[in-house]
Amino acid sequence: MREKILELDHITKYIFNVSTGRPIRGTDVKILDDVHFDLYKGEVHALLGENGAGKSTLMKIIGGIIPCDEGVMKLDGKEIQFRNSREARAKGIAFVHQELNLCTNIDVAHNFYLANEPTGKFGLMKEKEMYEKSAEAIRALGFELDTHTKLGRLSTAQQQIVEISKALSYDSKIIIMDEPTASLTKKEIEMLFSLIHDLKKRGISIIYISHRLDEIQQIGDRMTVMRDGCYIGTMERAHYSDEQAVNMMAGRVTNNIFEKEHIPGDEIVLEIKDLKIGEAAEPLSLTVKKGEVVGLCGLVGAGRTELARTIYGARPDAGGEVWYQDELYRKRSPGKSIQKGIVYLSEDRKIDGLITAAGVSENLVLSALHQLFPGGLVSRRRQKERVGQLIGEFNIKCMDRDQLVSTLSGGNQQKVSLGKCFAVEPKVLILDEPTRGIDINTKFEIYHLIDQAAKQGLSVLVISSEMAELIGMSDRIYIMRGGTITGMVSDEEEMTQENLVAKIIGV
Amino acid sequence: MKKVIAMLLSLTMVFGMAACGGTDTQEEGGTAAEEAAAEETEETADADSAKTDADAQDGAAAGSYKIGFSVKTLTNEPFQAFIADMIQVKVEEAGCEFVLATTDSAEDVAQQVSQIEDMLVSGIDALIVNPLDSNAIIPALERCKEENVPVIMVDSGPAEETDESLYVTYIGTDNYAGSVTAAEKMAEELGGEGKVAIVRGVSGNTAGEARANGFKAGLEGTNVEVVAEQPGNWSNDDALQAMENMLIANPDIDGVYSCSDVMLDGILEAIDSAGAEDILIYSFDGLTNGCQLVLDGRVQATMQQYPSVMGELAVEYLLQILNGEKTAEDFEKFVDSGVAYVTQENAEEALQNAP
Amino acid sequence: MQKSVLKTKEFFRAVSGRPLVRTLVIIAAVCAAAALIPNFLKFSNLMNVLRQASVIAIPAIGVTMAMITKGIDLSTSGVIVFAPMCVVVLYRGGVPFFLCALCGILIGILAGLLNGILIARVGVLPFIATYVSGTIMLGLTMVIGNGGSVTGFPKGFTQIGNGSVLGIPWSNLIMLVCVAAGALFLAKTKHGNRIYALGNNEAVIRMEGLSPEKLLIAIYGIGGFFSAIAGLLLSSQLSTVHPTQGNSYQLDCVAACILGGTSMLGGSGTVVNSALGAVGIAAMRNALNLLGLHPYVQNLVLGSLIIFIVAVNVLLKRRERRQQESFHIRRAENG
Amino acid sequence: MSSSRNKNVVLSAVKQNAPIVYLIIFVAIGCLFVPNFGSKANFLNILRQAAAPAVSCIAMTFILITGNIDLSTGYIVSLVSISCGIMVKTLELPPYLVILLCLLIGCAAGAANGLFVTVCEIPSFIVTLGSGMILTGLAQLVSQNTSYHDLPDNFRAFAKAEIFSLPITVFYALLVALLAWIILHRAVFGRELRALGLNAQASRMAGIKEKKSVFITFVISGGLTAFCSILMTIRVNCAQPDLGGSNFSFEAITAAVIGGTSLLGGRVNIPCCVAGALIIKCIESWINILNLNYYLYQAILGIAILIALIADALKNRER
């Protein structure tokens, strides 16, 4: 029987403030809820789940970067608790992040030995030894790299190899790989898989995080699926099937929780003609009718956010046209879009959406300043009245109007962000992951708001990674892959999760 | 010739930048006014070396020597500018070449020392220097001695224990003695008792310290008391504020001694706005604006120095040494270029030869 | 024609790519232009230029390290004046000179550590924290010297600043030693490696279990050390301590680092380049002095130079970033 | 409930306007311990001295609110002062034309800084450091080592008149403060600047034109600095090329920081900035009146800024 080297039971983690690491008061939203995970020696254990399913958080606990609130972790049978990632690495657990833990301004060897450089006389680094040893380590993985080159000049795949060889240099027994193939070319992915097979032969076990089913079939010995922070199940490779994986990933959600009261009109409000979001991207086209909710689904890196920001004018396009209310909308910019009635709700509200150090009322009127106060002077009365309306409409729970946004809960912050968009009385709403990281009941409030908005004649373009939500809300769904639109689903039957997931993966 | 080099220098530097820049961004440093300044520099460069540049090596031909003058900043210092112009006139009369080096701020001692070193390299035969700080100038004087370049100090004298052989002589007003006379004259005017304030110069400037100390010494023996002493830093702005605040502390002062005419505007403004009357104002330097104020009766007296005398004597002595007529030992170590006590009566003719 | 254009473009890109080459070009340009000025290339003048550059180059070592970690050190002018003032006051108080010099350097290090704590622990912006500590030290120097300059250094000490051995001034040798030590420390020791890493990606330093705060405090401490040495050197050159002797060095050190290719956005820059930048500045001031041009011209030229170089650096950075961005999109396509 | 409610409203108001409370404390200490400090003449004195620095501090707040910095204001003052002298004395232009032209020169210098910061995206600290050097070079080249004494009365009347025994410069300062308060606290433009200072990325996404706004703040600051230079030149009755100088911008920054302005941007309070400028003038007048060693002032001011900086840094910590 294979020897079990790592075991995690009943792991629970409450939502926490990313920057300070301290749990946020007053919410019981869990990122991980009673998760079980185990790993055998010399096995590639794939971890599957959609965005926000808690995969990365679980791995951060194993990697010692964050502590778990409840639950037990056993390594080689002994219970352990890591205070920081250095301790985890000392115990042989290495973490290869998606954004690599390397510095682009220094060369490969110096990155390799960062924080434990071998020193000779007078404390000078033994550079010759460093260059040779690091070259050897990389050669051991079957690759040839000149360790004198600056890391910034290497391709992402080569940088990954440096990170993996660095992990191995601590004779680590477990390597965690978080979305390693996110930005690799086909050839580079094959290179990585051959490397993984070689590591397996050496008895090193690998936890492989991804949501690309085609890769997992190739490489994974066992697959565990997670959804919304819960452990769903584990399958052996022998009886693995895409449908079953997708079912576990997407989960059974009946459609009735989404009441669709809006009826899409047929007058086209927003039309995109052969828009190219990048130099090498294929041109794409889409239309949004009045009173219609159009969904946009795809994998991370498929370019959905880039498309949304290009339409909004926050990002330059590489050709193509955007028609708005039957006129060509040239030289797009956020300011001009807002004037025309196009608003964009950003994916990460803390950076793009809200000013956390300012009050609720100041945030709500931020986009609508010129509309509310054409004279140039802020009239307290007008602002109070409009803010009152918005707080009522979006039932934002806050002690007083000028309470700092940073003190609000995630759900309330998202409602303030939404309120900010609606303050401008928009005609077109572009929503990017509107319900990510929010408690369930706020999610339903937001679904309701979107539906009511469409009912009043607004057209909505919504991006979401949760299939159930997208299907429930939208009348039509475009599928994006590789920076362009690869398909569209419009009638009821086709809009099933299996179908969508399959289309996304392009299987 | 010099103009060409200056242009070439900045052009090559800019070209060097573009080469490293890797882009063909045109030179867009500074505002449009900066281009105007570029032409400006040419005129000033010309004005400085009026004569075409004779051969650059040491003055081989008899009589044509290269004489350098190192002085602190000339802005808002008509006194220093007057010495510099007088020296230039005298040097060019004697057919020699004149080189001027000024520091860009009033206190940059290190820059003055390196400027003197640079002048030595450019082959000056004699040096006239108005030291910013008489201690800091010693190493530069030692360097001149090594290159046996005779040095004459003007306006600000040497520090106490400076080695006598380092300089031929010091021509300047005896700031100390001049201030003592001013103090005595003021004590007389005040009938031997009263309260007086002093507006000092920039900290650490030898001339400024000597004038303040001299004035205080001059008052010993009388019961004229110095009630307040604050620095005006040779600038009207600071002098104005210092005077205003001193008037607050003792509104009934009878006399003010300003260590230089450059601060008179500020002091007069302070006194006007404080509404204080009949305050005896004495000053030092005897600049044009100082003498004018004495003439108008707003300032009672100023101790006029004769920068022109300093300039003339310095060049005269240096030429004598260079031509071998005299040696350094023939001159005493201090030549007083005299100080005139300018009051309303003699203000008229004092104005003529005022810088 | 096509081939040659490509080559020159390649040359420019190669030149602008590596900072060392870029600085050599600057220095070559300055010296080439200055060579036309009579007696600029005289051995004694070049030694003078190096001596004048030494007081810029030594503190520039500390400033380079600060700039690599996206910070800056403007307290050089304060330490250059405060350290020697303490030395001369102690010496006149009868303490043996060697002890006073040591104490002066300790005071420099202490001031640097204070800067580091203010920046790393308290979180004050580097440029305002170092400027204010510089002003405080300047104020204290003025109070001790009662505004004036103070002398009283032993004869041997002033020999160091002005004396020379085999024609080479001592200051140049001290500069070479300090620059060599600084370069070795930054390029060849593990701490140097971590300073570069900190300038590029602070998360990695934390991930490796090292404390960025301690590293920052050490960097500014080293900056104080080198500024103190430069202060003693300058005071030995002037044989006195004048409260404003350090003023122009505050900006010259920063200008030297920028001329030497240290980028304002952190992560790049070397000690040797900054030293070359210091030589470039000293050469420029010397050349303009020899030409007899007003010092204001120097300010005009240096001011435009700084803005021009930083503008070029920012443009290069922006072009790089834009390439990476499209690189990323192209990559996503075939993912 | 209502009593505790408006208690903490008062408390938060005091906490926000702490610098004004400090000013009151400083003046109180001054009246008690420093002779003649409490006299009417001295108050007039301090107001007269603080008028120009208050304007320069307000000019600096326009730059600080978006998280930028301007080290070249001292040299804008010199350039404007000397051009003022030339225009009045040699060219003998009518006073109001001179004032207009001077304001234009200031705005042009500010615009140059703004261009480099916004278009070339160079950090504002380096731009103003370099432009400071250029401006001082220009001022000294244009002045050709001369300064202009005894400005004509019709020109000086602009700032020498008195209304109810208060110098008119005080009213100018109050007018500038009022305008700045309206722009920064009550106008849409001020609300946008504050948003840019707190979170530039979110403000851009909300449609605020960052480049245009930051450019305008540099132009306004340049204009106000020129106005301050005119006041100083008239008050000193001498147009000289080294008016202002290197410490000028840092005194403005000090007054702003003591007045609660955050250097990271977003937090500005005009009345407190004026209080900051007055506090600094109080310290200076103590030193002059008590005839203390003048160089203590530089050290004391340095330490005062340090304390204000540490408080500002800690306050920003929980942002």
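What radius of gyration would a compact globule with 319 residues have, and what does chain D have?

A: This is a predicted model, in which local features need pLDDT of at least 70, side-chain atom pairs count only at pLDDT 80 or more, and totals for chains, interfaces and linings use all residues. Residues are numbered from 1 along each chain as its sequence is written, while chains are lettered from A and ligands numbered from 1 in the order in which they are written.

For 319 residues, a compact globule would have a radius of gyration near 20 Å, and chain D agrees with its 20 Å. This radius is taken over C-alpha atoms, and the globule rule is 2.2 Å times the number of residues to the power 0.38. Along the principal axes, the C-alpha atoms of chain D fill a box of roughly 70 × 55 × 35 Å.

Chain D contains 14 helices and four strands; these are DSSP runs, numbered from the N terminus, with helices being H or I of at least four residues and strands E of at least two. Of its 319 residues, 59% count as buried, meaning that 20 or more other C-beta atoms, placed from the backbone, lie within 10 Å of a residue's own. Among contacts (C-beta atoms, placed from the backbone, within 7 Å) between residues of chain D at least 6 apart in sequence, 79% join residues at least 24 apart.

Definitions and conventions: A residue is buried if 20 or more other C-beta atoms lie within 10 Å of its own, exposed if 12 or fewer, and partly exposed in between; C-beta atoms are placed from the backbone. Two residues are in contact if their C-beta atoms, placed from the backbone, lie within 7 Å.
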